[in-house]
Every structure is written in structure tokens, then in C-alpha cells.
Amino acid sequence: MFKTAGFTNFFRISALVALVFSSVFAKASEEEGFDSPYLPSADVMADVEQTLARAKENGKLALIVMGATWCHDSRGLVKRFRDDDISPVLDESYETLYVDVGYLDQARAVNQRFGMPSIYATPTVMIVDPETGKLTNDKTMHLWRNADSISYSDTRDYFAREATTAREPEAETGTLLKAYYTSIDAFEQEQASRLVEGYDLIGPQLAMGPGKYPEGFEKLWGEVRGFRYKLTDDLLALRAQAEGLAAEGINEPLVFPSYPALSWE
């Protein structure tokens, strides 16, 4: 089901990423008037718990957005959230918290709090039911990695729909499906640790800012981006495969994708 050839495609994509990378990241410096909500926190986990408490008290969902001012998609999402047609939807159904991920090195405890060993994009948009503490949009959250390309109307529709469906009763997870999920979670943990190593390498370079990136930065960023995109797509496919097998009562080993060594390994 999985082929390493698909993974190697991101090396080809990296060439294109390198061509557009400088202009995309330079936009951060062009938007000096942008009022960013992605700000450092003295105690981000306390912020998270307070947001959950407010959501529970007010009968709302918690909307936790992990992003960064330097990221154009993170900024694009904020612009959408501030739109006159979208903000009322959010105000009615969500308690929203913006979390600054720094240069991919901050606030990692936040995503781990909700069962994610790493973030896979900026922004990472998590909708959480405060009654259960469960992430409710795990199957669709990764589309927000391209937030600035999603229309305002689609953005509004998504959050209006999630406000309705997030609390629908979940089907009970059977023993077989739980076993599948456990194996997928172990695979994700292993691969996420590889990604975090890439974040630790690229982060200090990213912090240098446009015009100051070292040689090879664009290629490395393309590799990090390609790996995290491929990994999230594969995780969704694995979980869909597991759910299909479990529904049929089929107990057979999942076929996990195999990725080549990354440049930082």
C-alpha cells in the first residue's frame, strides 16, 4: 500500500520550495503592522488549562492554534479569524487560544497534552472537547497547514460544522481497533522524533530571519516540509486502513511505510 517512491517526491518538490521560499518568508517583514496573537507565554500550559476551563464553563469547545508570526499560513489564519463573517462563529462556539511555537522549538508540551508527539505544520489547529479532553478534528486538522490558501467561506463553514459535529457520540472502539491504533501510535512516535530532530536543526537557522539564512537552508526546509507532509498523509491512511480492517473483523499486520534516511540522521 505504501511506497517509498511517494516519499522521495518531496525532494523534487524541495527545488520548487527553494524558489518561492525567500519571497514567502519575506512577507513577515513586509507586514510590520500585523498585530500578531502568537506571543510568548510565561506559562503556556496554564493558558491551555484556563482555556479548557472557560470552554467547559461556557459550554463551548476549546480552539487551540499553534503557530508563529514568521509563518504566512499562521498569519493568514488569523486574518480569517478576524473577518466579520467568521469571528461571530468562533465567538459563539469556541474559546480560542493562540500558542507561539517560536522557531519550532517552543510549546511542545501543548500538542503532547492532546496526544500529538509533534506538530506537523504551522499553524496546527486543534479543536478540543473540554468535557473529555479529546482532540475532535484529528482527521481534518492537517488541511490548515495551507490556511492562507483556504477561502474565507470554506473557513467559516469548517468551524461552523465542527462546532456541531465535534460532540456527536463516538462509536465505541473495539479491542481489535484499539490494537491497531496502538501500533500506529508507536509508529507515529518513532517518526515524530525524527521530525523533531529536523526542527531542532532548522529552528536556529529560521530564527536568523530573511536575508540571513545560511547556505543550504532552503533545501533543508524543503526536506523538513516534505517529510512532515508525507508523514501526516500516511498516518491518516493507516488509521483509515485500520478502521476498515477492524470493521470487517480482519486481524492482520498493518503495512507501515518505510522512509529513507533524512539528511540530519
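Me: Which residues of α3 meet Y152, T155 and F159 in α6?

Reply: On the α3 side they are K79, R80 and F81, where contact means heavy atoms within 4.5 Å. This is a predicted model, in which local features need pLDDT of at least 70 and side-chain atom pairs count only at pLDDT 80 or more, while totals for chains, interfaces and linings use all residues. Residues are numbered from 1 along each chain as its sequence is written, and side-chain values use heavy atoms, leaving out hydrogens and water.

Me: At what angle do α3 and α6 cross?

Reply: The axes of α3 (residues 72–81) and α6 cross at roughly 75° and come within 10 Å. Helices (H or I, at least four residues) and strands (E, at least two) are DSSP runs, numbered from the N terminus. Axes are lines fitted to C-alpha atoms, for helices over the stretch in contact, with angles from 0 to 180 degrees between N-to-C directions. The two helices are therefore roughly perpendicular (65 to 115 degrees; under 35 is roughly parallel, over 145 roughly antiparallel, the rest oblique).

Me: How do the residues of that contact divide by class?

Reply: The contact of α3 with α6 has three nonpolar residues, one polar and two charged. Ala, Val, Leu, Ile, Met, Phe, Trp, Tyr, Cys and Pro count as nonpolar, Asp, Glu, Lys and Arg as charged, and the others, Gly among them, as polar.

Me: Turning to the sheet, what is the strand order?

Reply: It is an open sheet of four strands in the order β2-β1-β3-β4, with mixed pairing; two strands pair if DSSP finds at least two bridges between them. The edge strands, each pairing on one side only, are β2 (94–100) and β4 (134–135).

Me: Do β1 and β2 pair in the parallel or antiparallel sense?

Reply: Strand β1 (residues 61–67) pairs with β2 in the parallel sense, over seven bridges.

Me: How do α7 and α8 pack?

Reply: Helix α7 (residues 175–206) packs with α8 at about 170°, the axes being 10 Å apart, and the two are therefore roughly antiparallel. Their contact has 23 nonpolar, three polar and six charged residues.

Me: Last topic: which peptide bond is cis?

Reply: The bond from T122 to P123 is cis, with omega near 0°. P123 lies in the loop between α5 (108–113) and β3. L104, in the loop between β2 and α5, has a positive phi near 65° without being glycine.
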